[in-house]
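Visitor: I would like a close look at a single part of this structure, with the criteria spelled out as we go.

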Amino acid sequence: MSIWGHTLVKNEERYLWFAVTSVIKHLDKLLLWDTGSSDNTVKIAEELQKRYPDKIGIKEVGEVDISKYTKVRQE
């Protein structure tokens, strides 16, 4: 059995590093999907991916509205 985490993020530069590092040791894989950040969120996610290359996957979804957000979250 494996445990995966998945989260959609947008402009989370203040919290992303701490949130990910607090749970990554408990997960087999973590998917971080960015929904159009304009801050350093993607850069931080990429640094985390370098630190945990076998555990973190990143996808840049782009800007989403409320209906697309729900669809992306369900993917």
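Leaving aside its neighbours within four places in sequence, which residues is His6 in contact with?

Guide: This is a predicted model, in which local features need pLDDT of at least 70 and side-chain atom pairs count only at pLDDT 80 or more, while totals for chains, interfaces and linings use all residues. Residues are numbered from 1 along each chain as its sequence is written, and side-chain values use heavy atoms, with hydrogens and water left out. Once neighbours within four places in sequence are set aside, His6 is in contact (heavy atoms within 4.5 Å) with Leu30, Leu31, Trp33, Val72 and Arg73. His6 lies in strand S1, where strands (E, at least two residues) and helices (H or I, at least four) are DSSP runs numbered from the N terminus. With a relative accessible area of 35%, His6 is partly exposed, a class that falls between buried, under 20%, and exposed, over 50%, for a 1.4 Å probe and protein chains only. Although His6 and Gly57 are 51 residues apart along the chain, their C-alpha atoms are separated by 9.3 Å.

One of the contacts of His6, Leu30, also belongs to the largest nonpolar core, which has twelve residues; such a core is a set of buried Ala, Val, Leu, Ile, Met, Phe, Trp, Tyr and Cys residues joined through side-chain atoms within 4.5 Å. Helix H1 (16-23), strand S2 (29-34) and helix H2 (41-51) each supply at least two residues of this core, and the largest share, three residues, comes from H2.
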